[in-house]
Amino acid sequence: MSASLRLSTALLVSQLSDIVTLTPGRGNALLAADTVREHLTGHRVMRWLAPDTATANQLGTDLTLLIEHLLEHGGVVDMFDDRSALAVWTPAVDDQGPLPPLATLRRSSVDPVYAERCAALEAILRTSAPARDGHLLLVMATKTDVVSPVRVWTLLHRHHQDLDTERLTGHAVALDPATRWLMHRHGYTSGRPGGRLPNGTPWWPLRREPLTTHPTRGA
């Protein structure tokens, strides 16, 4: 093993101890939703989805409801204890799966334009999600002033270990070329863009097959 790989592996292992897996409950769902909003505020898709204060507040409420539901139905939220990065995973999605339309979780009506944009994003996630035997990375959010590639690497490694043990596929959606490139480095593959969001943003469905051995577990 090269010195650089030993260093990278040591860094990864040391950072794994800084990750907490959130337990079900309204408080943890609210914490996760606030973290996602804080870290992804400037992303092109987030600006399109929630361009003003009212819709941003509604998005925060929707994220809380969705994450609360996922935590109660087999979803996984891994977060660094300093809130610098977070990953939300949901198990296989089908008619009885744990990723319900936001419209079924909302307790009041919302702006119709915002609702339509949410529905468009949900449709893409459902198209890319596994019907069975897999997990979908619903969102990865990192703070912009930390070394985010290392945090992303550690969060993905944490969950990929479980997927590999259970022989499950990993699925995700890349909403920009940089994310697609990053996920390729972590074993995900993609073909041509699956399409475009109404604001013109291209998206790529991604898939990762489980490994028989894992880098920090040995052959």
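How much accessible surface does the protein have, and what share of it belongs to carbon and sulfur atoms? I looked this up first. The accessible surface comes to about 11000 Å², and 54% of it belongs to carbon and sulfur atoms. Accessible areas come from the Shrake-Rupley method with a 1.4 Å probe, and for residues only the protein chains shown count as cover.

**Ground rules.** I am working with a predicted model, where local features need pLDDT of at least 70, side-chain atom pairs count only at pLDDT 80 or more, and totals for chains, interfaces and linings use all residues. Residues are numbered from 1 along each chain as its sequence is written, and side-chain values use heavy atoms, with hydrogens and water left out.

**Overall fold.** I found eight helices and seven strands. Helices (H or I, at least four residues) and strands (E, at least two) are DSSP runs, numbered from the N terminus. The protein has 219 residues, and 47% of them count as buried. Buried means under 20% relative accessible area, exposed over 50%, and partly exposed in between (1.4 Å probe, protein chains only). I then looked at contacts, meaning heavy atoms within 4.5 Å. Among those between residues at least 6 apart in sequence, 73% join residues at least 24 apart.

**Largest pocket.** I noted a volume of about 1100 Å³ for the largest pocket. On a 1 Å grid over the protein atoms alone, a pocket is an open set of points where a 1.4 Å probe fits, with protein on both sides within 12 Å along at least five of seven lines; lining residues have an atom within 4 Å of a point. Grid points are joined across faces, edges and corners, and the volume is the space filled by probe spheres set on the points. The lining has 42 residues, and the closest to the pocket centre are Leu40, Leu138, Val139, Met140 and Leu175. Elements that give two or more residues include helix 2 (26-40), strand 4 (134-142) and helix 8 (177-185). Strand 4 gives the largest share, six residues. By class, I read 30 nonpolar, eight polar and four charged residues in the lining. Here Ala, Val, Leu, Ile, Met, Phe, Trp, Tyr, Cys and Pro count as nonpolar, Asp, Glu, Lys and Arg as charged, and the others, Gly among them, as polar.

**Two loop residues.** Leu168 lies in the loop between helix 7 and strand 5. Leu168 is buried, at 15% relative accessible area. Leu168 and Asp133 are 35 residues apart in sequence, yet 5.3 Å apart in space, C-alpha to C-alpha. I found His186 in the loop between helix 8 and strand 6 (195-196). His186 is buried too, at 16%. Beyond four places in sequence, His186 contacts Trp153, Leu156, His160 and Arg208.

**Salt bridges.** Side chains of opposite charge can pair when their charged atoms come close. I counted six salt bridges, each a side-chain nitrogen of Lys or Arg within 4 Å of a carboxyl oxygen of Asp or Glu. Asp164 and Arg208 form one of them (2.9 Å, N to O). Asp164 lies in helix 7 and Arg208 in strand 7 (residues 202-208), so the pair ties together parts 44 residues apart in sequence. Is Arg208 buried or exposed? Arg208 is buried, at 3%, and Asp164 is buried at 6%. Glu38 and Arg83 also meet in a salt bridge (3.2 Å, N to O). Glu38 is partly exposed at 47%, and Arg83 is partly exposed at 26%.
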